[in-house]
Amino acid sequence: MTGHTQNEITINAPLDLVWNMTNDVASWPQLFSEYASAEILSQEGNRTTFRLTMHPDDNGKVWSWVSEREPDRDALMVRARRVETGPFAYMNIVWRYETVLEGTRMVWTQDFAMKPDAPVDDAWMTNNINRNSKVQMALIRDRIEQAARERRPAPVLSD
């Protein structure tokens, strides 16, 4: 068995703002609640290699890993994968963006498999990713919508 998730959210903000904020990996600790830090290790062309470090879990364990991310602005898509896979045999993520009437739809698709000796199996991780993606996407939506409101010009009031 392998794991597969797909989650989406619509953000009431222009595509450019959503794209720019969600692809600024260095600022992810301000966008996601789960990351304590995001360290850019290298950039080659469009590809960014970075280390994500999470806040300590309930047992005090700090999880960290290295990933690569390659955005394609013309296709409105980002492909990412874990380089340091940890308990995963592999983890690939595709982010897709689409302009919709309400703003911007963002879709995350994750394909993965857990290693045989991982502490959890594919089904457990699928449920965990689905639950956490909804939380993180809602937080990202709220933060980007707040940024969009702050960028809008104030209405002109006439006498």
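**Helix crossing and pocket**

Author: In this predicted model, helices H1 and H3 cross in a right-handed sense.

Reader: How many residues of each class make up the contact of H1 with H3?

Author: On the H1 side the contact involves Leu 17, Val 18, Met 21 and Thr 22, which meet residues of H3 including Ile 140, Ile 144 and the arginines Arg 143 and Arg 151. By class, the contact of H1 with H3 has 1 polar, 2 charged and 7 nonpolar residues.

Reader: Which element gives the most to the lining of the largest pocket?

Author: The largest pocket holds about 1200 Å³ of space, and among the residues closest to its centre are Glu 34, Trp 65 and Arg 82. Its lining divides into 9 charged, 10 polar and 22 nonpolar residues. Strands S3, S4, S5, S6 and S7 and helix H3 each supply at least two lining residues, and the element that gives the most, with 8 residues, is H3.

Reader: What is the phi of Leu 76?

Author: Most residues other than glycine have a negative phi. Leu 76, placed in the loop between S4 and S5, is not a glycine, yet its phi is positive, at about 55°.

Methods: Residues are numbered from 1 along each chain as its sequence is written. This is a predicted model: local features need pLDDT of at least 70, side-chain atom pairs count only at pLDDT 80 or more; totals for chains, interfaces and linings use all residues. Side-chain values use heavy atoms; hydrogens and water are left out. On a 1 Å grid over the protein atoms alone, a cavity is a set of points where a 1.4 Å probe fits but cannot get out, and a pocket is an open set with protein on both sides within 12 Å along at least five of seven lines; lining residues have an atom within 4 Å of a point. Grid points are joined across faces, edges and corners, and a volume is the space filled by probe spheres set on the points. Helices (H or I, at least four residues) and strands (E, at least two) are DSSP runs, numbered from the N terminus. Ala, Val, Leu, Ile, Met, Phe, Trp, Tyr, Cys and Pro count as nonpolar, Asp, Glu, Lys and Arg as charged, and the others, Gly among them, as polar. A crossing is left-handed if the near helix is turned anticlockwise from the far one by less than a right angle, and right-handed if clockwise. Contact means heavy atoms within 4.5 Å.
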